Amino acid sequence: MRALIWDLGGTLADTYPDVDRALAMVLDPRPGRELLHEVALLTRRSSSHAISTLAARHELPEQELRRAYEQTKRDWQQAPPPVMPGARELLAAVRAQGGLNLVATHRDRDSATDLVERLGLGIDDMVCAPDGFARKPDPAMIRALLERHSLAPQDCLAVGDRPADVEAAAAAGVRGVLLETAGIPLEAGDAERVTSLRAMQSLLELDGE
């Protein structure tokens, strides 16, 4: 394997707890488990989907939820979310066998770069949808990374936490793995699934190479 193509938020960085709570608190200053679960079911599709759905469902202006989401990203400049368990080990394993760690994210470049640098993730390259690429499940970002690094799709693997991540990978001819959140059912066809990035070590047989 020559490259692992990562999603960023929810895959490399554990952003969901902060995002879910920020959106839920717009609806209830002291959100309970049921409300947080309601929000989580939506954010695992996309933040934009969660905002529009919650606004309609709870009869609130979308802008209130959008402000809470944007404030969360600003808060990460001082207190970034934690790295996902197993991410650093997997990044290192890919690097040790001479592979590339690449990122395809919907996040704007400034925000994404700041998050990557603050967490010290040490990736090799990154493409961001706001730079002019279609959002996943469109494969444009993954194809751009393949072309930029002269990579054959069969020599790569993509991992993400949303169905759109693995759908984009499949459309680009890249094997995709869905990182599932416990208790959040997601439809992702016949994509391989893991519940922890640590499971990727054995899945990819990186630890023995």
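# Pocket, cavity and contacts

Guide: By class, the largest pocket is lined by seven nonpolar, seven polar and nine charged residues. Keep in mind that this is a predicted model.

Visitor: What makes a residue in the lining of the largest pocket charged, polar or nonpolar?

Guide: Residue type alone. Asp, Glu, Lys and Arg count as charged. Arg107 and Arg162 are among the residues nearest the pocket centre, so both count as charged. Ser47 and His106 also lie there, and they count as polar. Tyr69, another of these central residues, counts as nonpolar.

Visitor: How many residues line the largest pocket, and which elements supply at least two of them?

Guide: The lining has 23 residues. H1, H3, H4 and H8 each supply at least two. H4 gives the largest share, three residues. The pocket volume is about 370 Å³.

Visitor: What lines the largest cavity?

Guide: The lining includes Ile5, Trp6, Asp7, Lys136, Gly160 and Asp165. E1, E4 and H8 each give two or more residues. E4 has the largest share, with three. By class there are seven nonpolar, one polar and three charged residues. Gly160 is in this lining, and Gly counts as polar.

Visitor: How do you know that H1 and H4 are in contact?

Guide: Contact needs heavy atoms within 4.5 Å. Asp18, Val19, Ala22, Leu23 and Val26 of H1 meet Glu64, Leu65, Ala68, Tyr69 and Thr72 of H4, so the two helices are in contact by that cut-off. These residues divide into seven nonpolar, one polar and two charged.

Visitor: What describes the way H1 and H4 pack?

Guide: Two packed helices are described by an angle and a distance between their axes. Here the axes come within 9 Å and cross at roughly 145°. The crossing is right-handed.

Visitor: Why is the pair Arg57 and Glu38 called a salt bridge?

Guide: The cut-off is 4 Å, from a side-chain nitrogen of Lys or Arg to a carboxyl oxygen of Asp or Glu. Arg57 and Glu38 meet at 2.9 Å, N to O. That distance is within the cut-off, so the pair counts as a salt bridge. Arg57 lies in H3 and Glu38 in H2, so the pair ties together parts 19 residues apart in sequence. The structure holds 13 salt bridges.

Visitor: What makes the Lys136 and Pro137 bond a point to check, and where is Pro137?

Guide: The peptide bond joining Lys136 and Pro137 is cis, with omega about 20°. Pro137 lies in the loop between E3 and H7. Lys136 also lines the largest cavity.

Visitor: What is listed for phi of Glu59?

Guide: Phi of Glu59 is near 55°, a positive value in a residue other than glycine. Glu59 is found in the loop between H3 and H4.

Terms used: Residues are numbered from 1 along each chain as its sequence is written. This is a predicted model: local features need pLDDT of at least 70, side-chain atom pairs count only at pLDDT 80 or more; totals for chains, interfaces and linings use all residues. Side-chain values use heavy atoms; hydrogens and water are left out. Axes are lines fitted to C-alpha atoms, for helices over the stretch in contact, and angles run from 0 to 180 degrees between N-to-C directions. Helices (H or I, at least four residues) and strands (E, at least two) are DSSP runs, numbered from the N terminus. A crossing is left-handed if the near helix is turned anticlockwise from the far one by less than a right angle, and right-handed if clockwise. On a 1 Å grid over the protein atoms alone, a cavity is a set of points where a 1.4 Å probe fits but cannot get out, and a pocket is an open set with protein on both sides within 12 Å along at least five of seven lines; lining residues have an atom within 4 Å of a point. Grid points are joined across faces, edges and corners, and a volume is the space filled by probe spheres set on the points.
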